[in-house]
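Dear colleague,

Please find below the structure that I am handing over to you.

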Amino acid sequence: MILVIAEQQTGKLNRATWETIVGAQQMAAAADIVVLVPGTNTSGVAGELAGAGVKEVVTLEHAALEAYTPDGFTAALQDAIGQLKPDYVLLPHTYQTRDFAPKLAARLDRALITDVTAVKKGSELAFVRPMFQGKLTADVVPQGTGPHFVTFQIGAYRVDQVAKGSAPAGVRALTVNVDAAAIRQKPEAPFQQAKQAVDLSQAERIVSVGRGIKEQANIHVAEELARAIGAEIAASRPICDAGWLPMERQVGSSGQTVAPKLYLALGISGAIQHLVGMKGANTIVAINKDADAPIFEVADYGIVGDLFEVVPAIIEAVKS
Amino acid sequence: MKIAVCIKQVPNREWQPRLDDAKTWIREADAAFEMNEPDAYALEEALRLKELHGGEVVVCSAGPSRVAQVIREALARGADRAIHVEDDGLASADAFVTSNALAGAMKDEQFDLVLTGLQSDDQGFAQVGVILAEKLGLPHATIIMEVKAEGGTLRVKRELEGGWFQWVAMPLPAVLTIQSGINQLRYATLKGIMAAKKKEIKKAAAPAGSTPKQKIVAMYTPEKGKKTQIIAGTPAEAAKELVRKLREEARVL
């Protein structure tokens, strides 16, 4: 049996859960898939997930799970996995999963394969994942006894690929023991650092810069192109970390997710943390001196070359 | 405060990947190596905490003999001493084997705080820090952007997705995984490089019977999901053709 662990906060489902259900459906028939919903206020989310082609949805409610903590989730899920006895445990590769899944797998002394983009069926199941910043891909097979833990990269599957059930799956509740006093982390309420003055998600065109821009003094090269084509300026994480552009212009898993008509990536290598924030763009153009940069894998058009030569030429071509 | 920083040596960013003959790992002989970037931020954070609260910073690394290069660099930046779990098998080890090796060498040191980067630029498991916390029996928090350690408790700012953050408190000792960009990195001074030569690097053996939990059966360059049109020519020719395609094919200009 394959157990999918759903992610939800205060009754709101993280959509990446649907993608993980697609992953489960690639591996097994609906009758072999169970979705587990840990937290509080799970009934709405459980009802929503029951529409998927799965055997059943199991809710896991406990007062100690109201605010997420790795200690609380590890204790609750250890108990639940002991009761449900799955062969595989699948999760979306979110920041929350990254916070507790390695602890849970280590507690149970089981394999954890992270950031998986596809499943290969052969004599044994192999999981496809990026390595070396996306420069290489590996097929990985879990070792030892199950359950094996697997996390799926955000965007590995599309939500609309979920096979729906002919009738809603059954929903039942599971009871677990969690010693609330043993939870060592005391979380406070989540907050947003600054009001996002720039809403890049609404931009029609975006010119985005990465490490290839080399220094802050060169940002104007990208800004001139943005002005010429009526685009917003954005950046990958290292540029905002360095303070060359404000944090609110960061695209990627820790910044904004964008889907413009045109995304022009200048000197961006295409680390997966950046790609998840922009691969929904309609047309992607990559300009990079490294022909092997992973950004070219998601680009529609690419120019391999020096951005300091290519960008001024584009500005000139646009104006003529 | 006695602080451990776990660092990994990874191929540098400019490295062009080449596979070994079995096509299950890279040709290490062709690679140039550097300190994993998030680990460099973890080291910097440890040095800043030591400057505030006193104590010592101990660099811990699990890997083959080549790892000594990044250990020396960390000592030159200001770490006080190092522990090197040396084993050729650790070069391509999974997160469980690496965590076991580090935990074995660290458990008797009684560190107040253990820092490491949130993930490595080579295999990118994003697991070692969290598994290490479990093996050492310590609380943890991940993807940290600010650290406040006062009076035996720790208050840290966790990065959540999409521009959200959260403060989390926990008792010391604890393990934190540090996000890139938490601070501004310092570079080694000549004085630091000279001083590093006299600093202690304790060698430790990898624990026996630590079996991998995952096996790489194939490694290859990524299959393209999209058909990318690479536009050739001089910068002027390529730019002109790109603009034409964006106007006429994609209709986005």
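The contact between the two chains takes 85 residues from chain B and 80 residues from chain A, where contact means heavy atoms within 4.5 Å. The size of an interface is often given as the accessible area lost when the parts come together. Here chain B and chain A bury about 7300 Å² between them, and 53% of this lies on carbon and sulfur atoms; buried area is the accessible area (1.4 Å probe) that two parts lose on being put together, summed over both.

Please note that this is a predicted model, in which local features need pLDDT of at least 70 and side-chain atom pairs count only at pLDDT 80 or more, while totals for chains, interfaces and linings use all residues. Residues are numbered from 1 along each chain as its sequence is written, chains are lettered from A and ligands numbered from 1 in the order in which they are written, and side-chain values use heavy atoms, with hydrogens and water left out.

Salt bridges

Side chains of opposite charge can pair when their charged atoms come close. A salt bridge is a side-chain nitrogen of Lys or Arg within 4 Å of a carboxyl oxygen of Asp or Glu. The whole structure holds 35 salt bridges over all chains, and 6 salt bridges are counted between chain B and chain A. One pair across the two chains is Arg211(A) with Glu37(B), whose closest N and O atoms are 2.9 Å apart. In another pair, Glu159(B) and Arg237(A), the closest N and O atoms are 3.1 Å apart. Glu159(B) lies in strand β8 (residues 153-159) of chain B and Arg237(A) in helix α6 of chain A, so this pair joins two chains. Helices (H or I, at least four residues) and strands (E, at least two) are DSSP runs, numbered from the N terminus. Both Glu159(B) and Arg237(A) are buried; buried means under 20% relative accessible area, exposed over 50%, and partly exposed in between (1.4 Å probe, protein chains only).

Within chain A, Asp139(A) forms a salt bridge with Lys120(A), with 2.8 Å between the closest N and O atoms. Asp139(A) is in strand β10 (residues 136-142) and Lys120(A) in strand β8 (residues 118-120) of chain A, so the pair ties together parts that are 19 residues apart in sequence. Asp139(A) counts as buried at 7% relative accessibility, whereas Lys120(A) counts as partly exposed at 31%.

Nonpolar cores

In soluble globular proteins, nonpolar side chains tend to be buried together. A nonpolar core is a set of buried Ala, Val, Leu, Ile, Met, Phe, Trp, Tyr and Cys residues joined through side-chain atoms within 4.5 Å. Which residues touch the most other members of the largest nonpolar core? Among its 45 residues, they are Ile21(A), Leu49(A), Leu90(A), Phe127(A) and Met219(B). Helix α1 (residues 16-27) of chain A gives the most to this core, with 5 residues. A second, separate core of 39 residues includes Val67(B), Ile144(B), Leu176(B) and Ala196(B). Not counting residues up to four places away in sequence, the residues touched by Met219(B) include Met131(A), Phe132(A), Leu19(B) and Trp25(B).

Chain B as a whole

The secondary structure of chain B comes to 6 helices and 13 strands. Of its 253 residues, 55% count as buried. Along its principal axes, the C-alpha trace of chain B spans about 65 × 45 × 40 Å.

Yours sincerely
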